[in-house]
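Here is a note for a colleague who is opening this structure for the first time. Please keep the sequence and the model side by side while reading the points.

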Amino acid sequence: MNEAKKTRTKNEVQSCLYGLFGVMTLLLMLFASPVMAQSKGEPVVVKSVNSFEVTLKKLKDAIKGKGMNIVFEANQQNMMKMVGIQGKKSVTLGFANPQTAAKLLSIEPLAAIEMPMRIAVRELNDGSIVVIYYRPSYLFAHYGKGKLTMMVKKKMDPMVEMFVTAATT
């Protein structure tokens, strides 16, 4: 790949990332109160009283404390650095429990796309720290399976909320 093409590709990636993170930051700034109700299609955003590092550690501890496995940790700040962009701290955790996943998938195999569950910790432009997630019941509701929706709403929603409360207080 010639140098001009590399530069153009890098600039295109930077433009896309700037746009994506700009929109995300704007949405978070507009909607980031201590705890927000989730409107259809919008994530729940909870402001943390802790530093980024403490929030992330407390979130990991809460997830592991309930027997869940953290299956990935995506560091968006590091990804942005790869293309020469200095971004704010931002990490997304993917987590799951094999027994719960097996139960969910036995009811609805297509729900595999919703797992692992994800929660993000992000630093906003004003330095505040937020935790961002979708309620599991929101993610699974469109499958139209009453048993699945009831199980997720009854067990997973409160558990994820507990993780976020533990991390942000």
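Predicted model: local features only at pLDDT ≥ 70, side-chain atom pairs only at ≥ 80, totals over all residues.

1. Within helix H2, which covers residues 52–65, Asp61 and Lys57 lie 4 residues apart, about one turn of the helix. The two form a salt bridge in which the closest N and O atoms are 2.7 Å apart. Asp61 is partly exposed, with a relative accessible area of 39%, whereas Lys57, at 52%, counts as exposed.

2. The relative accessibility of Glu73 is 42%, and the residue counts as partly exposed.

3. Glu108 forms a salt bridge with Lys145, with 3.5 Å between the closest N and O atoms. This pair links distant parts of the chain, 37 residues apart: Glu108 is in the loop between helix H4 (98–107) and S4, and Lys145 is in the loop between helix H5 (136–141) and helix H6 (146–168). Glu108 is buried, with a relative accessible area of 8%, while Lys145, at 33%, counts as partly exposed.

4. Which side chain of opposite charge is nearest to Glu123? It is Lys88, 4.5 Å away, and Glu123 is buried yet has no salt bridge, because a salt bridge needs the nitrogen and the oxygen within 4 Å. Glu123 lies in strand S4 (residues 117–123). Leaving aside neighbours within four places in sequence, Glu123 is in contact with Phe52, Lys88, Lys89, Ser128 and Ile129.

5. Turning to the rings, the count of aromatic pairs comes to 3. Phe95 and Phe163 have ring centres 5.7 Å apart and planes at 80°, so the pair is edge-to-face. Phe95 lies in strand S3 (residues 90–96) and Phe163 in helix H6, so the pair ties together parts that are 68 residues apart in sequence. Phe95 counts as buried at 1% relative accessibility, and Phe163 is buried at 0%.

6. For Phe140 and Tyr143 the ring centres are 6.3 Å apart and the planes stand at 45°, so this pair is tilted. Phe140 counts as buried at 1% relative accessibility, as does Tyr143 at 16%.

Note on methods:
Residues numbered from 1 in each chain as written. Heavy atoms only, no water. Helix = DSSP H or I, 4+ residues; strand = E, 2+ residues; numbered from the N terminus. Buried < 20%, exposed > 50% of the residue type's maximum accessible area, 1.4 Å probe, protein only. Lys, Arg positive; Asp, Glu negative; His and termini not counted. Contact = heavy atoms within 4.5 Å. Phe/Tyr/Trp six-rings, centres within 6.5 Å; stacked < 30°, edge-to-face > 60°.
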